[in-house]
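Grab your viewer and work through these exercises with the model open next to you. Each task comes with a solution in steps.

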Amino acid sequence: MCSTFSLAAKTYIRESNGIRHRKSMVTAKRAEVITAPKQRSRPVFPELSIQGIPIDDLHVQEIVQRQSQTYSMDREGGRRKPQFCPSFLEEAYERCRNICAEYAKTFYLGTLLMTEERQKAIWAIYVWCRRTDELVDGPNSVYMSSEVLDRWEERLQDIFEGRPYDMLDAALTHTVFSFPLDIKPFRDMIEGMRMDTRKCRYQNFQELYLYCYYVAGTVGLMSVPVMGIAPDSLISAQSTYDAALYLGIGNQLTNILRDVGEDAMRGRVYLPQDELAQFGLGDNDVFSRKVTGQWREFMKEQITRARFYFNLAEEGASQLDKASRWPVWSSLLIYRNILDAIEDNDYDNLTKRAYVRRAKKLLMLPLAYSRSLSTSSLLSQQHKNVRSTKSF
């Protein structure tokens, strides 16, 4: 998975007390006397911090600056664009298109409204990200090692220097020489894969946020230079990049909540350990796959956090180039519906997998398209949404 926000973590406490009535039977002159209700407090659950790591600490501003400068440097001859046989390049992009159409069907439909050049570039980026993820989670993940990721990063450097290893790499090579793409988000994604090989527990949300940035927030940073920012954008380029990062964070948090049960079967818990403890929960509760009242309360707060990041992302989605907004809005709305599906399952993401039915996805496309046509009026509304979001 907007304007600059202070991301220092804060925690506030919400108290909620209930009253449970207990009858006391007392015999006095054969009369029944009921004692006054006694107050019995329920566990006090906190509202969780929703803010992660400051943008400055992730060096996103440096990425924005370099991606804003690279294109002008290339035009001045700073890099020599590699030459590919047109038919070879066409086949390379066609393979990327087929992979995107098979594994990201709804997003793929959205890309069809883009210009042909942007379509191809997004497909190439998607395929590289998918191949990177499969190093850890794919069918050959049993052979994963730090050396494999080191070689993959060396191969990435070759792509950016115009030396692709195979046909799919060639598509990305052509893309990075056609758009102002910086290598750092790609390297950061590989670092996210390294995290997956080293740890399967996250002590707090700040640790989890960093993981979400590496594996998903980076995708937004890769995509903005290709999708383009609208000439009449009402916000700064930095704010648009921030929003793209927040969309990735929201998407990844949603993935984590959807896949809790499946991850548990692999011995992984992608939930902040300190927050589980605040709700009286731990790893054993996740592995037992029993949905309790405490689990539901915990999940409500996790869903609130994911929605917070989607709210922040909307601002940037509305300021992309007009022809590029539809797939972004499609992704945003459909992922929000996954959160709705978890709620509809009574917060049982331990034994059930929340998903959005294909028919509902298709129904979301016209709504996403209508959202993609709006700019200033929607931006104004999003400021209202952000202000109305629960503040922690």
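**Exercise 1: the ring cluster**

Task: find which residues are linked into a cluster by ring pairs.

Solution. Ring pairs join Phe205, Tyr209, Tyr246, Phe308 and Tyr309 into a cluster. The pairing rule takes the rings of Phe, Tyr and Trp (its six-membered ring) and asks for centres within 6.5 Å; planes under 30 degrees apart are stacked, over 60 edge-to-face, and the rest tilted. With this rule the count is 17 aromatic pairs.

A word on ground rules: this is a predicted model, where local features need pLDDT of at least 70 and side-chain atom pairs count only at pLDDT 80 or more, while totals for chains, interfaces and linings use all residues. Residues are numbered from 1 along each chain as its sequence is written, and side-chain values use heavy atoms, with hydrogens and water left out.

**Exercise 2: two aromatic pairs**

Task: classify the pair of Tyr108 and Trp123, then work out why the pair of Trp128 and Phe186 gets its class.

Solution. 
- Step 1. The Tyr108 and Trp123 rings sit 5.9 Å centre to centre with 35 degrees between the planes, a tilted pair.
- Step 2. Tyr108 belongs to helix α4 (residues 105-111) and Trp123 to helix α5 (residues 116-137), so to speak distant parts of the chain, 15 residues apart. Helices here are DSSP runs (H or I, at least four residues), numbered from the N terminus.
- Step 3. Tyr108 has 12% relative accessibility, so it counts as buried; Trp123, at 5%, counts as buried too. The cut-offs are: buried under 20% relative accessible area, exposed over 50%, partly exposed in between (1.4 Å probe, protein chains only).
- Step 4. For Trp128 and Phe186, the ring centres are 5.2 Å apart and the planes stand at 70 degrees, so this pair is edge-to-face.
- Step 5. This pair also links distant parts of the chain: Trp128 is in helix α5 and Phe186 in helix α8 (residues 184-198), 58 residues apart. Both Trp128 and Phe186 are buried.

**Exercise 3: α10 against α15**

Task: describe how α10 and α15 pack, starting from their angle and the distance between their axes.

Solution. 
- Step 1. Two packed helices are described by the angle between their axes and the distance between the axes. Axes are lines fitted to C-alpha atoms, for helices over the stretch in contact, with angles from 0 to 180 degrees between N-to-C directions.
- Step 2. Helix α10 (residues 237-258) and helix α15 (residues 325-344) have axes 10 Å apart, at an angle of about 30 degrees.
- Step 3. α10 and α15 are therefore roughly parallel. The classes are under 35 degrees for roughly parallel, over 145 for roughly antiparallel, 65 to 115 for roughly perpendicular, and oblique for the rest.
- Step 4. Their crossing is left-handed, that is, the near helix is turned anticlockwise from the far one by less than a right angle.
- Step 5. Contact means heavy atoms within 4.5 Å. On the α10 side the residues include Leu247, Asn251 and Leu257, and on the α15 side they include Val328, Tyr335 and Ile342.
- Step 6. The residues of this contact split into 8 nonpolar, 4 polar and 1 charged. Nonpolar covers Ala, Val, Leu, Ile, Met, Phe, Trp, Tyr, Cys and Pro, charged covers Asp, Glu, Lys and Arg, and the others, Gly among them, are polar.

**Exercise 4: α14 against α15**

Task: say how α14 and α15 are oriented to each other.

Solution. 
- Step 1. The axes of helix α14 (residues 293-317) and α15 come within 11 Å and cross at roughly 165 degrees.
- Step 2. α14 and α15 are therefore roughly antiparallel, and their crossing is left-handed.
- Step 3. Among the contact residues are Met299, Ile303 and Phe310 of α14, and Trp329, Leu332 and Asp340 of α15.
- Step 4. By class, this contact has 12 nonpolar, 1 polar and 6 charged residues.

How values were computed:
Helix = DSSP H or I, 4+ residues; strand = E, 2+ residues; numbered from the N terminus.
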